[in-house]
There are 4 protein chains.
Amino acid sequence: MTISLRKARTIIRKTLEKGRELELKPLSVVVLDAGGHVQAFEREDGASPGRFAIAHGKAYGAVMLGMAGTAQMARAEQQAYFMGAVNGLFGGQMVPVPGGVLLRDKKGAVIGAVGVTGDTSDNDATAALAGIEAAGLTGEI
Amino acid sequence: MTISLRKARTIIRKTLEKGRELELKPLSVVVLDAGGHVQAFEREDGASPGRFAIAHGKAYGAVMLGMAGTAQMARAEQQAYFMGAVNGLFGGQMVPVPGGVLLRDKKGAVIGAVGVTGDTSDNDATAALAGIEAAGLTGEI
Amino acid sequence: MTISLRKARTIIRKTLEKGRELELKPLSVVVLDAGGHVQAFEREDGASPGRFAIAHGKAYGAVMLGMAGTAQMARAEQQAYFMGAVNGLFGGQMVPVPGGVLLRDKKGAVIGAVGVTGDTSDNDATAALAGIEAAGLTGEI
Amino acid sequence: MTISLRKARTIIRKTLEKGRELELKPLSVVVLDAGGHVQAFEREDGASPGRFAIAHGKAYGAVMLGMAGTAQMARAEQQAYFMGAVNGLFGGQMVPVPGGVLLRDKKGAVIGAVGVTGDTSDNDATAALAGIEAAGLTGEI
């Protein structure tokens, strides 16, 4: 099972709504499928041009390692050279901080990930979680 | 001036609607801003996983060169080594075929590009143009 | 749905058996999942050291484009610069010839791909197909 | 001398069996030959998609440097910039932690390496060692 475009759209809309409700800076949100491939992305007006790569990097590392942003950050703080090496394997495409949220189905299998960037890492993760819950899915931040 | 998220969403939705109306294969659509940066993207269910890169490559070359997909293809057929060399400058991110459509404002200034992939290159361009027109913009295929 | 390790093992064993039955040169066989990620691989004794990359390249392009090796080769022969550009998008990881076989479930959805290399491209594809059928799946060469 | 496919298969199977016996998370196991080239690989169901690269990175560094994962990690912790520089030489393909196990013949010559990933680095190495011993070989963790 993977994420449908319909679900991905809902996640993005609801994440952006949460961002506006919390008065966060302009957000960018990507949804990746179970193989780490882009399903949908939106960047709010006023967000800086490099935000696709950052949103993607948060979500991509989560899928490829099966490890959400918070756990990746803990590992990076404990063993920086390890996360650096792993990032090298994936072409430097990972960003190991909160805001990369794993999507799981009811059995716990990873079906994709959401990456949010624009405000603080913790606020990014909060907005992502709201979007994921609005889509009836469970997120692991 | 650049493309707004609202306009980008309209372009994507209307391009996908056109694809369904014409019974095309599942499409993927990206909208890039005037700097060649991703504003929004959607991949329909059933599209192959690599479609973000292809849609992006069609639109990215259009913005970076200020030359739509049809003109890029003509140049590639006439002088393949030139387009290959240019592509190398941009990290191999270009795909010089129709389906990369330049967006222009009323004065003719480039404000972004749309990239569509999934069906034949010509059908991809037709769907993109329908989406762009529905958003009140002019496309150059 | 994606390919299980059990199925992948069966495909590899039966592909190698077919190769021995047909007295082909030593074969290498990779099975990728629906996201283009390696599930299993075996290289027969006597095969040259670079065979992982070639088997992978045949199967990887098939998954990423949703297009089997025979169709990729036709496109490459018709429009070489296009397949070259697409290959660039994927880091030069594609090998667009027969021996890259798409795996489909009963509804026709792509669930992975098999890549075989070692003998002629056509013999590689024949062996792959035998392995895929032995696993109760349908292959598109 | 290098590792045979038959030996590689035994190592992989027995490593996976050890993982299940110890109730580790889903494992991925690669066997490289004396030249650092992939001989065989299997990824258990439920393992994240990026595990081939990580397993490969552990084993590849071991072969290329003639130094097992534990020794690589010690060097990385003592002199991170050195291991980073060496990793750059090999295209960023190394992961210098336990789970990369050197294979030696009875005279002590390196004949390949095993890379395991999925659980803690130490548990990965334990499982690898069990697989290697079941194949009648000696591993250096």
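Aromatic pairs are the subject of this tour: over all chains, the structure holds 10 of them. Rings of Phe, Tyr and Trp (its six-membered ring) count as a pair if their centres lie within 6.5 Å; planes under 30 degrees apart are stacked, over 60 edge-to-face, and the rest tilted. This is a predicted model, in which local features need pLDDT of at least 70 and side-chain atom pairs count only at pLDDT 80 or more. Residues are numbered from 1 along each chain as its sequence is written, chains are lettered from A in the order in which they are written, and side-chain values use heavy atoms.

Select B:Tyr60 and B:Phe90. Their ring centres are 6.2 Å apart and the planes stand at 85°, so this pair is edge-to-face. B:Tyr60 belongs to helix α2 (residues 51–65) of chain B, whereas B:Phe90, 30 residues apart, is in the loop between α4 (80–89) and β3 (100–104); helices (H or I, at least four residues) and strands (E, at least two) are DSSP runs. B:Tyr60 is buried at 13% relative accessibility, while B:Phe90 is partly exposed at 21% (buried is under 20% relative accessible area, exposed over 50%, partly exposed in between, with a 1.4 Å probe and protein chains only).

Next, select C:Phe52 and D:Phe52. With centres 4.9 Å apart and planes at 20°, the rings are stacked. Each residue lies in helix α2 (residues 51–65) of its own chain, so the pair joins two chains. C:Phe52 is buried, at 13%.

Move to A:Phe41, A:Phe52, B:Phe41 and B:Phe52, which ring pairs link into a cluster.

Finally, select B:Arg75, which lies over the face of B:Phe82, 3.8 Å from the ring centre (the criterion is CZ of Arg or NZ of Lys within 6 Å of the ring centre and within 35 degrees of the ring normal). In chain D, the charged end of D:Arg75 sits over the ring of D:Phe82, 3.9 Å from its centre.
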